[in-house]
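Dear colleague,

Please look through the sequence and the model below before reading the notes.

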Amino acid sequence: MRGARGRWKTLAGVALTGVMLFPVYWMVNVSFTRERDMRRSPPSWFPVDGTLEGYRAVLDRQLPYLGTSLVVGLATVALTLAVATPAAYSLAKLRPRGGGALSFALLVAQMVPGVIMAMGFYAMFLNLGVLNTLPGLIVADSTLAVPFAVLILTAFMSGIPRELLQAARVDGAGVLRIFWSIVLPVSRNAIVTVSLFAFLWSWSDFLFAATLDSGGDHQPITLGIYHYIGNNNQQWNAIMATAVVASVPAAVLIVIAQRYVTAGVTAGAVKD
């Protein structure tokens, strides 16, 4: 009885996984489909008469957008870690006055709709003269990642044994030395986790890019895909080919960082 129930659960899991992954398959299928076959009825489930026109368009037009997204993603990760790691260390171990209120404010900040943040950034960046610039977009993308990063890192660093830090103080290490030489290496899993999420958020961002960088000289890949869509023409194989190529870095990062993320997202969930 248990064996049969287990097989049904496995089949149900496989079926649900197939349903969730079907859009990915269809994206790949359309990326190889010729323009004249796009509206074919019934649609072709396999690209029998496939074409590489979409991928040629990626190589011809989208590489600068991909490069910009890579720069923005890496810079967002660096800025997020530069802000979040010392803030989390302070909240977890130094216990500053008002730390509880700050943690609550960070939690509330994640509930603010992105469109409201984009409107606020637009007015502020316009006055500061950083509208349609990469630094402005990097700062805006970092605001999505920093609250999440601080909360995750605080939960992890709270679990670091105080005896380890006290031993370092006995050896003469100061606050900064303890943070750099002990806390950061021990927090590797949580740091990888927040780095991955920060990169993915900036890599897939469209709202901030369309609002704050739509007229810039260097635009991310999300705007590169959007440029394919016109009033009378939609290059669907090029759009899907670009989406496939843009998905590769994210998928590779997730596979590489999977074991670190698994440990990082559960950090602080169980108290010893």
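The notes below concern aromatic rings and one threonine.

This is a predicted model, in which local features need pLDDT of at least 70 and side-chain atom pairs count only at pLDDT 80 or more, while totals for chains, interfaces and linings use all residues. Residues are numbered from 1 along each chain as its sequence is written, and side-chain values use heavy atoms, with hydrogens and water left out.

The structure holds 14 aromatic pairs (rings of Phe, Tyr and Trp, the last by its six-membered ring, with centres within 6.5 Å; planes under 30 degrees apart are stacked, over 60 edge-to-face, the rest tilted). One of them joins Tyr89 and Phe179, whose ring centres are 5.2 Å apart with planes at 35°, so this pair is tilted. Because Tyr89 belongs to helix α2 (residues 53-94) and Phe179 to helix α7 (residues 175-186), the pair ties together parts 90 residues apart in sequence. Helices here are DSSP runs of H or I with at least four residues, numbered from the N terminus. Tyr89 and Phe179 are both buried (under 20% relative accessible area, with a 1.4 Å probe and protein chains only).

Phe121 and Phe208 are edge-to-face, because their planes stand at 85°, with the centres 5.8 Å apart. Phe121 is in helix α4 (residues 114-128) and Phe208 in helix α9 (residues 207-212), so parts 87 residues apart in sequence are tied together. Phe121 and Phe208 are buried.

Thr193, in helix α8 (residues 188-204), is buried with a relative accessible area of 0%. Its side chain reaches the backbone oxygen of Asn189 at 2.9 Å.

Note on methods. Helices (H or I, at least four residues) and strands (E, at least two) are DSSP runs, numbered from the N terminus. Buried means under 20% relative accessible area, exposed over 50%, partly exposed in between (1.4 Å probe, protein chains only). A polar contact is a pair of N or O atoms within 3.5 Å; within protein, one must be able to donate a hydrogen and the other to accept it, and residues adjacent in sequence count only if both atoms are side-chain atoms.
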